[in-house]
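My notes follow in the order in which I looked things up.

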Amino acid sequence: MRLLGLLIRRFGFAALWPITTILLIGTIHYVFYVVPEEATMGIVQKIFYFHVPAAVSGMYLGATICFFGSAFYLARGSVRADAIARAGAEVAVTTGMMVMISGPLWGVKAWGHYWTWDAQLTTFLLSLLIYVAYVVLRAFTGGGEAERKFAAALGVLGAANLPIIHFAVTKWGGTHPEVMRGKGGGLTDPRMGVGILLGFLSFTLLTALLTWVRSRQHMAEALLEEVEHEALEAGVIED
Amino acid sequence: MQTTTTTTDDNGFHAAPTGGETQSGSHLLIEAYAAIWLCVLVFVLVLWRRTREMESRIAVLRDAIKAKKKDA
């Protein structure tokens, strides 16, 4: 088990990076050159193959990672859990922004306007703002224990909005389509199904890759600060 | 004197009046999109290398501290 952990730690990135790169570029190729154009929406519908995975495999997954990391940090005070939670929040913001950019581009074609205060859109925006607040808090308030605990509480409480986003459209209606939940039509051709699956797979790997890189970076930064302080006290380095 | 032709639809891209379209615009758009993603992934690679450098510095400092304590 220790050996497996060591192998993943040493070679995980070397394996994950090329797989994610190939899959992402492969998905772009498949979606644009193999998947047929949707009859009513035309080429704009292809936003769907990136918009939905960015929301589900990016934003929701990043937020879930942030939730578990934060909860574990509050329970155990582990630096690693805190770094993972912070990385999860950063991924949630990055992919959430992708959703907020690609969604209105689709919306202007389908609805005639970029934005509407629809239940799902509004709750999604609220969630994104929660994770932006988390990232800003961590970036500008230093790495003290109180700040970490406050951010962890935000990471736990922020996750409460996620199921609300998902069920908002079925509960309160609105204009946002329900393509992935049975209604709203869309994936009539099997190649469309493969396209969306590829999208989900590549965004899941991208989320894993980004979380991995950023959490390792946060841990290394925290550890370097600690070791440099120790080295200064021992007289190994000079101020 | 050279004249330029204008169409009623001025919102789209048009081929230069002196020559035809040499490459498909939609293909170029897709290639640009793929290139943006590649840039993002290369940036991730750069971040990873920086992290590894930081980890190497941590290891060097730890060894130096250990050696210093041993000497003392």
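I started with A:G199, which sits in helix α7 of chain A. Helices here are DSSP runs of H or I with at least four residues, strands are E runs of at least two, and both are numbered from the N terminus. The model is predicted, so I note its limits: local features need pLDDT of at least 70, side-chain atom pairs count only at pLDDT 80 or more, and totals for chains, interfaces and linings use all residues. Residues are numbered from 1 along each chain as its sequence is written, while chains are lettered from A and ligands numbered from 1 in the order in which they are written.

Is A:G199 buried or exposed? A:G199 counts as buried because it has 25 C-beta neighbours inside 10 Å. The cut-offs, with C-beta atoms placed from the backbone, are 20 or more other C-beta atoms within 10 Å for buried, 12 or fewer for exposed, and partly exposed in between.

Next I looked up the partners of A:G199. Leaving aside neighbours within four places in sequence, A:G199 is in contact with A:T27, A:Y49, A:F50, A:V52 and A:P53. Contact means that the two C-beta atoms, placed from the backbone, lie within 7 Å. I also checked A:F50: its C-alpha is 6.1 Å from that of A:G199, though the two are 149 residues apart in sequence.

Axes are lines fitted to C-alpha atoms, for helices over the stretch in contact, and angles run from 0 to 180 degrees between N-to-C directions. The crossing of α2(A) and α7(A) is right-handed. That term applies if the near helix is turned clockwise from the far one by less than a right angle; anticlockwise is left-handed. From α2(A), the residues that meet α7(A) include A:F50, A:G58 and A:I65. On the α7(A) side, A:G199, A:F203 and A:T211 are among them.

I then turned to a second pair, α3 (residues 79–110) and α5 (residues 145–158) of chain A. These helices pack at about 55°, with axes 11 Å apart. α3(A) is therefore oblique to α5(A). Under 35 degrees would be roughly parallel, over 145 roughly antiparallel, 65 to 115 roughly perpendicular, and the rest is oblique. The α3(A)–α5(A) crossing is left-handed. A:D82, A:A85 and A:A89 of α3(A) meet A:R148, A:A152 and A:G155 of α5(A).

Then the whole chain. Chain A has seven helices and zero strands. Of its 239 residues, 39% are buried. The mean pLDDT of chain A is 89; pLDDT is the predictor's confidence in each residue, from 0 to 100. Among the elements, α6 has the lowest mean (81) and α2 the highest (95).

Last, I checked the partner chain. 24 residues of chain A contact 20 residues of chain B. α7(A) gives the largest share of chain A's side, 14 residues.
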